[in-house]
Amino acid sequence: MKKDLEKQNDLAVEDGLVVSLSYVLRLDDGEQIDSAASDDPLVYLHGAQNIIPGLEEALLGLKVGDVRDVAVSPNEAYGEMNPDAFELVPYEAFPSDLELEEGMGVRMVESGTGRQVEAYISELRDDGALLDLNHPLAGETLYFNVEVVGLRRATSDEIAHGHAHSDHTH
Ligand code: ZN
């Protein structure tokens with residue numbers, strides 16, 4: 001058993017490894033918007049674009065127990081704010097029992113493709129709700145404090161699926 005642990009500790013983050021990560025995510029103003037504790041870490045497959053590119057790149061080569069502060073610029077995270085990604089939707093298009101509020105998240109079905117799109121109500125205007133189709137973290141630099149809490153080689157199933165497996169996924 002001890003031998004297995006030592007073996008695991010020799011691994012360094014690279015493509016094809018399943019990484020367990022504890023982290024705290026803050027915005028520019030210090031506001032904490034997300035976190036994962038070491039006993040309930042984020043588990044992902046490295047090299048499979050499971051996480052934002054800027055963070056994935058920064059983790060390359062880290063070992064279990066390594067701690068890093070990583071700042072990820074918008075173009076390596078959720079992109080810059082697109083000023084054209086706003087759409088005015090007339091109030092008739094919303095369910096009548098839905099009480100609309102600024103900042104509220106809504107799900108729209110894109111006409112044509114039928115694809116579901118997440119959006120936020122940016123402004124309630126006289127003629128409708130102005131929806132912001134940008135990712136809520138667009139334009140934000142993300143500040144991660146991360147610790148690698150586990151590393152193991154991915155199974156062939158995981159590589160084939162492009163994601164890590166836990167007890168709950170397959
Ligand atoms: Zn799978």
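A: Read along the chain, the donors of the zinc ion follow the spacing H-x1-H-x1-H. This is a predicted model, and in it the protein donors are His 161 through ND1, plus His 163 and His 165, each through NE2. They lie 2.0 to 2.2 Å from the zinc ion. Water is not among the atoms, so the site may look incomplete. As for how open the site is, His 161 is partly exposed, with a relative accessible area of 42%.

The largest pocket holds about 230 Å³ of space. Its lining takes in 14 residues, and Tyr 23, Asp 34, Leu 42, Tyr 78 and Phe 144 are the ones nearest its centre. The elements giving two or more residues to that lining are β1 (17–26), β2 (32–36) and β3, with β3 giving the most, 3 residues. Sorted by class, you get 12 nonpolar residues, 1 polar and 1 charged in the lining.

One more spot to check is the loop between β3 (42–45) and α2 (53–59), where you'll find Gln 49. Gln 49 has a positive phi of about 55°, even though it isn't a glycine. Most residues other than glycine have a negative phi. Gln 49 counts as exposed because its relative accessibility is 67%, and the cut-off for exposed is over 50%.

Definitions and conventions:
Residues numbered from 1 in each chain as written. Predicted model: local features only at pLDDT ≥ 70, side-chain atom pairs only at ≥ 80, totals over all residues. Heavy atoms only, no water. Donors = N, O, S within 2.8 Å, 3.2 Å for Na, K, Ca; no water. Buried < 20%, exposed > 50% of the residue type's maximum accessible area, 1.4 Å probe, protein only. Helix = DSSP H or I, 4+ residues; strand = E, 2+ residues; numbered from the N terminus. 1 Å grid on protein atoms, 1.4 Å probe; cavity = no way out; pocket = protein on both sides within 12 Å on 5 of 7 lines; lining within 4 Å. Points joined across faces, edges and corners; volume = space filled by probe spheres on them. Nonpolar A, V, L, I, M, F, W, Y, C, P; charged D, E, K, R; others polar.
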